[in-house]
Amino acid sequence: MVLRATHASSSFIISLKPHSLAVSRDETHVVSWDLGGRLYCVYQDDVTWRRGLSGEVLEKRGSGASRSRMWLTPAGADAVVDGAATFARETADAVTTPAWRWAGPVESVVAQLVVSHLQLCAQCDAAQARSDAGRFATVYRPVGILPPDQYLSLVVQATDGCSFNTCTFCDLYHDGYHVKSPDQFRAHVEEVRRYLGASINLRSRGIFLGAANALAVPMATIVPIFETLVEELDAIPRGVCAFVDGFTGTRKTADEYRLLSHLGLRRVYIGLESGHDPLLAFIRKPGRAADAVDTVRRIKGAGVQVGVIVMTGLGGERFATGHVADTVAVVNQMQLGEGDLIYFSDLVEIASTAYPRIAEREAIQSLSPEARRTQREAIRAGLRFDESGPKFATYDIREFVY
């Protein structure tokens with residue numbers, strides 16, 4: 001429901017949905033919480049702050065190529081959370097004063113429901129948020145990355161870390177690789193449900209099975225994991241998505257992927273990065289581009305959608321020609337169609353990874369932002385699909401908050 005009101009010289013819009021509460025004041029200050037009272041997003045004066053369950057807060061200013069991003073310090077994150085809690089408290093207090101005027105009839109039970117939700121959100125101050133982030137760290141290992149269409153999915157972690165963890169550009173997984181047993185996974189799911197409580201409603205996009213390469217888990221273990229998702233999280237109607245890499249994806253047959261689809265598997269994301277094998281070798285990504293083609297065809301043969309991730313700027317000028325030509329050729333062999341996705345992810349050179357050091361040693365000249373856009377356009381222009389082709393989107397790892 002969307003309610004409009006005025007108080008003193010300010011106008012308010014209160015949006016109470018089955019998964020969230022948002023309050024807008026004068027259209028310049030908007031704060032959103034999930035139904036557990038946890039702060040999700042603040043917008044004020046063209047600046048957006050997104051808080052993750054981990055307690056981290058990402059600040060974004062501007063838009064497009066001029067957008068700037070920074071992770072706030074703990075003190076900065078506390079200030080954002082405390083400001084949102086104060087905003088909720090002030091709004092809850094205002095609702096009960098004679099100066100508050102609803103723009104139309106509002107039943108008393110609805111008004112009381114709004115007040116109770118605002119009071120819950122007002123309790124989420126910096127001290128509570130820090131405590132809550134501590135609880136999060138006991139339930140989850142760090143959530144490295146999700147595809148953009150999965151940001152509001154419920155993450156459950158069948159694995160920790162990455163099964164190979166050799167890509168020189170990646171800095172997301174540090175603490176080794178571990179596969180939970182079916183019993184450990186069931187216990188994890190129960191912990192996730194207890195921890196999130198009503199907040200689970202915001203994560204309604206579906207279920208994302210983490211972490212980096214979850215579908216590499218052998219069938220003897222992953223089938224009971226999916227059965228837990230069906231029994232505990234209603235996975236079949238909600239749908240399950242996960243990552244797999246091209247070279248490990250070939251270890252399952254189309255029939256095995258079909259079995260997982262009957263247990264809820266809806267889409268699989270494959271980090272192709274490039275169709276150019278010399279570039280894959282340069283970034284130390286195991287396997288060949290042909291493996292990704294094989295994996296995609298097996299998955300699609302099982303009736304499951306795919307999301308293919310292509311990187312722009314990878315390998316700089318030295319690999320640019322081969323990267324474009326071979327990526328076009330490889331993606332055209334995948335027979336992508338309606339319901340599939342192609343993500344373009346711009347290379348972000350992270351100082352703590354090996355990629356910048358190797359590129360400098362090898363005298364790799366980075367592509368300018370304009371050259372990267374041209375590379376993306378060239379790849380897209382070369383792709384050929386039937387009438388109902390995949391959708392294209394941008395995958396910016398700097399935007400991810402969970």
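The model is predicted, so local features need pLDDT of at least 70, side-chain atom pairs count only at pLDDT 80 or more, and totals for chains, interfaces and linings use all residues. Residues are numbered from 1 along each chain as its sequence is written, and side-chain values use heavy atoms, with hydrogens and water left out.

Start with the overall fold. The protein chain has 13 helices and 18 strands. Both are DSSP runs numbered from the N terminus: helices are H or I with at least four residues, strands are E with at least two. The radius of gyration is 23 Å, close to the 21 Å that the globule rule gives for 402 residues, so the chain is as compact as a globular protein of that length. That radius is taken over C-alpha atoms, and the rule is 2.2 Å times the number of residues to the power 0.38. Along its principal axes, the C-alpha trace spans about 70 × 45 × 45 Å.

Next, the interior and the surface. Buried residues make up 52% of the 402. Buried means under 20% relative accessible area, exposed means over 50%, and partly exposed lies in between (1.4 Å probe, protein chains only). Take the contacts with a separation of 6 or more: residues 24 or more positions apart account for 73% of them. A contact means heavy atoms within 4.5 Å. The chain exposes about 17700 Å², and carbon and sulfur atoms supply 51% of that area. Areas come from the Shrake-Rupley method with a 1.4 Å probe; for residues, only the protein chains shown count as cover.

Now the charges. There are 43 positive and 46 negative side chains, and the centres of the two sets lie 1 Å apart. Lys and Arg count as positive, Asp and Glu as negative; His and the chain ends are not counted. Each charge is placed at NZ of Lys, CZ of Arg, CG of Asp or CD of Glu.

A search of the whole structure finds 24 salt bridges. Each is a side-chain nitrogen of Lys or Arg within 4 Å of a carboxyl oxygen of Asp or Glu. Look at R69. R69 pairs with D396, the closest N and O atoms being 3.1 Å apart. This links distant parts of the chain: R69 sits in strand β8 (residues 68–71), D396 in the segment after β18 (391–394), 327 residues away. R69 also bridges to E399, with the closest N and O atoms 2.4 Å apart. E399 lies in the segment after β18 too, so this pair ties together parts 330 residues apart in sequence. D396 is buried at 15% relative accessibility, and E399 is buried at 12%. R69 is partly exposed at 24%.

A further bridge joins two helices. E232 in helix α5 (residues 219–233) and R193 in helix α4 (residues 182–196) are 39 residues apart. Their side chains meet at 3.0 Å, N to O. E232 is partly exposed at 23%, as is R193 at 40%. Elsewhere, salt bridges that share partners join K60, R67, R69, D396, R398 and E399 into one network.

Finally, the backbone. The peptide bond from G210 to A211 is cis, with omega near 10°. A211 lies in the loop between β13 (207–210) and α5. D46 is not a glycine, yet has a positive phi of about 65°. D46 is in the loop between β5 (39–44) and β6 (47–51), and is exposed at 56%. Q335, also not a glycine, has a positive phi of about 60°. Q335 is in the loop between α11 (316–332) and β17 (341–346), exposed at 56%.
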